[in-house]
Amino acid sequence: MTDSSETKSTKRKPSRARRAFGYGTIIFGVGCIFVVDQFNLIMNASQSLEEPAFVVFEHPILLRHGTVIAAEMPEILQDRFGEFQFVKRIGGLPGDEITIDADGSPCVNDHCYPLWIKDGQPVAARIAPGVIPDGHYAVFGTSPDSLDSRYSVIGLISKDQLIGRGWPLPVMADFREAGL
């Protein structure tokens with residue numbers, strides 16, 4: 001008969017490396033959940049930008065010319081597209097000047113954005129020339145038939161309307177061509 005106080009446990013403690021791996025896995029998992037919570041996948045259903053999809057980080061940082069942004073849908077488009085986000089590229093930053101070229105197209109920093117002409121007329125009144133004020137951005141699609149800051153009905157997007165900054169997703173096939 002043996003005394004239970006004299007028996008030694010045969011269960012071994014995990015090694016340091018094994019514990020470190022376990023803790024590392026937990027930290028990595030929590031980090032992944034945090035990162036995934038900060039990103040959205042945005043599908044570009046229109047042809048206003050060349051890329052069909054974007055990963056959007058919800059906290060807009062490093063806003064500069066050419067940056068893709070997601071913003072709240074402008075009021076004029078709320079009824080038709082209210083549940084979607086307004087995704088365009090920044091063409092003008094605070095302090096940049098909007099001018100009008102000989103064709104009537106708005107220009108920012110010598111880059112002009114042709115107006116969408118339908119039945120011989122622009123689809124809407126163009127934006128007025130002037131300096132972009134602090135806290136506002138001129139945003140444009142890459143297609144001339146994009147309803148964006150070219151037109152006064154959209155105008156400039158305020159910093160308060162910004163939802164996030166987007167990066168093009170490397171998609172092998174453009175889902176828009178498949179009719180999806």
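What percentage of the 180 residues of the protein count as buried? The figure is 33%, taken from a predicted model.

**Figure 1. Overview of the helices and strands in the predicted model.** The chain contains two helices and 13 strands. Among contacts between residues at least 6 apart in sequence, 62% link residues that are at least 24 apart. The protein has an accessible surface of about 12,000 Å². Carbon and sulfur atoms account for 57% of that surface.

**Figure 2. The salt bridge between Asp 148 and Arg 150.** Side chains of opposite charge can pair when their charged atoms come close. Here the side chains of Asp 148 and Arg 150 meet, with a distance of 2.8 Å from N to O. A search of the whole structure finds one salt bridge. Are the two partners buried or exposed? Asp 148 has a relative accessible area of 0%, so Asp 148 is buried. Arg 150 has a relative accessible area of 1% and is therefore buried. The cut-off for buried is under 20%.

**Figure 3. A nonpolar patch on the surface.** Which residues form this patch? They are Tyr 23, Ile 26, Ile 27 and Val 30. Together these residues have about 470 Å² of accessible area.

**Figure 4. Ile 27 in helix H1.** Helix H1 covers residues 16–37, and Ile 27 is found in this helix. Ile 27 counts as exposed because its relative accessibility is 62%, and the cut-off for exposed is over 50%. Ile 27 is also one of the residues of the nonpolar patch.

Definitions and conventions
Residues are numbered from 1 along each chain as its sequence is written. This is a predicted model: local features need pLDDT of at least 70, side-chain atom pairs count only at pLDDT 80 or more; totals for chains, interfaces and linings use all residues. Side-chain values use heavy atoms; hydrogens and water are left out. Helices (H or I, at least four residues) and strands (E, at least two) are DSSP runs, numbered from the N terminus. Buried means under 20% relative accessible area, exposed over 50%, partly exposed in between (1.4 Å probe, protein chains only). Contact means heavy atoms within 4.5 Å. Accessible areas come from the Shrake-Rupley method with a 1.4 Å probe; for residues, only the protein chains shown count as cover. A salt bridge is a side-chain nitrogen of Lys or Arg within 4 Å of a carboxyl oxygen of Asp or Glu. Patches are made of residues with over 30% relative accessible area and no salt bridge: like charges are joined within 9 Å, nonpolar side chains (Val, Leu, Ile, Met, Phe, Trp, Tyr) within 5 Å.
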